[in-house]
Amino acid sequence: LDGDGDGRLDLVVARAGGALAYYRNVTPGTGSWLGVRVRGTRSVRDAGGAVVAVTVREGERPRRFEVQSVTDYLGQSDRTVHVGLGPGVDRVAELRVQFPASGREVVRTDVPTGRVVSVTEPLR
């Protein structure tokens, strides 16, 4: 969870019968980042299993991530894919999201970094 939107992952802890604890990450930033929030259709709203591929520079091999929802007793992970890009990357060449349930794909090029990008599965 990036609770304050600064690209550094934070932590929220729920305690049984107690208050939430929010641990804000205040370490120095070391590079660029991109968050990808993926939304599916009505049948698979959380887009579980979708594959996010980020190509930093044209011609490079993409970095691949699978959208997962990890849950445990009183816990759940954030479904936003967080990609650390290293220093000096202000745009990524390509962002590709594949939705396995429908076989559909969304491709965006020249995507600015330092923010969360939302990608919704197309209906057709």
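**Strand pairing, burial and salt bridges in an all-strand model**

V54 stands opposite L95 in β9. The model is predicted, so local features need pLDDT of at least 70 and side-chain atom pairs count only at pLDDT 80 or more, while totals for chains, interfaces and linings use all residues. Residues are numbered from 1 along each chain as its sequence is written, and side-chain values use heavy atoms, with hydrogens and water left out.

The secondary structure of the protein consists of 0 helices and 11 strands. Helices (H or I, at least four residues) and strands (E, at least two) are DSSP runs, numbered from the N terminus. Read from the N terminus, the order of elements is β-β-β-β-β-β-β-β-β-β-β. Two strands are said to pair if DSSP finds at least two bridges between them. Strand β4 (residues 51-55) pairs with β9 in the antiparallel sense, over 5 bridges. Both strands belong to an open sheet of 4 strands, in the order β5-β4-β9-β10, with antiparallel pairing. β5 (63-66) and β10 are the edge strands of this sheet, each pairing on one side only. From one strand to the next, the twist averages 15 degrees; axes are lines fitted to C-alpha atoms, for helices over the stretch in contact, and angles run from 0 to 180 degrees between N-to-C directions.

The protein has 124 residues, of which 28% count as buried. Buried means under 20% relative accessible area, exposed over 50%, and partly exposed in between (1.4 Å probe, protein chains only). The accessible surface of the protein comes to about 7,900 Å², and 48% of this area belongs to carbon and sulfur atoms. Accessible areas come from the Shrake-Rupley method with a 1.4 Å probe; for residues, only the protein chains shown count as cover. Among the contacts in the protein with a separation of 6 or more, 45% are between residues 24 or more positions apart, where contact means heavy atoms within 4.5 Å.

T80 lies in the loop between β7 (75-76) and β8 (81-86). With a relative accessible area of 17%, T80 is buried. Leaving aside residues up to four places away in sequence, T80 touches G35, V36, R37 and V116.

A salt bridge is defined as a side-chain nitrogen of Lys or Arg within 4 Å of a carboxyl oxygen of Asp or Glu. By this rule the count comes to 4 salt bridges. In one of them, the side chains of R91 and D110 meet at 2.8 Å, N to O. This pair links distant parts of the chain, as R91 is in strand β9 (residues 91-99) and D110 in strand β10 (residues 104-112), 19 residues apart. R91 is partly exposed, with a relative accessible area of 36%, and D110 is also partly exposed, at 44%.

A salt bridge also joins the side chains of R96 and E94 (3.2 Å, N to O). R96 has a relative accessible area of 25% and is partly exposed; E94 counts as partly exposed at 22% relative accessibility. E94, R96 and E105 are linked in a network of salt bridges.

E60 forms a salt bridge with R57, and the closest N and O atoms are 3.5 Å apart. The relative accessible area of E60 is 35%, which means that E60 is partly exposed. For R57 the corresponding value is 45%, and R57 is partly exposed.
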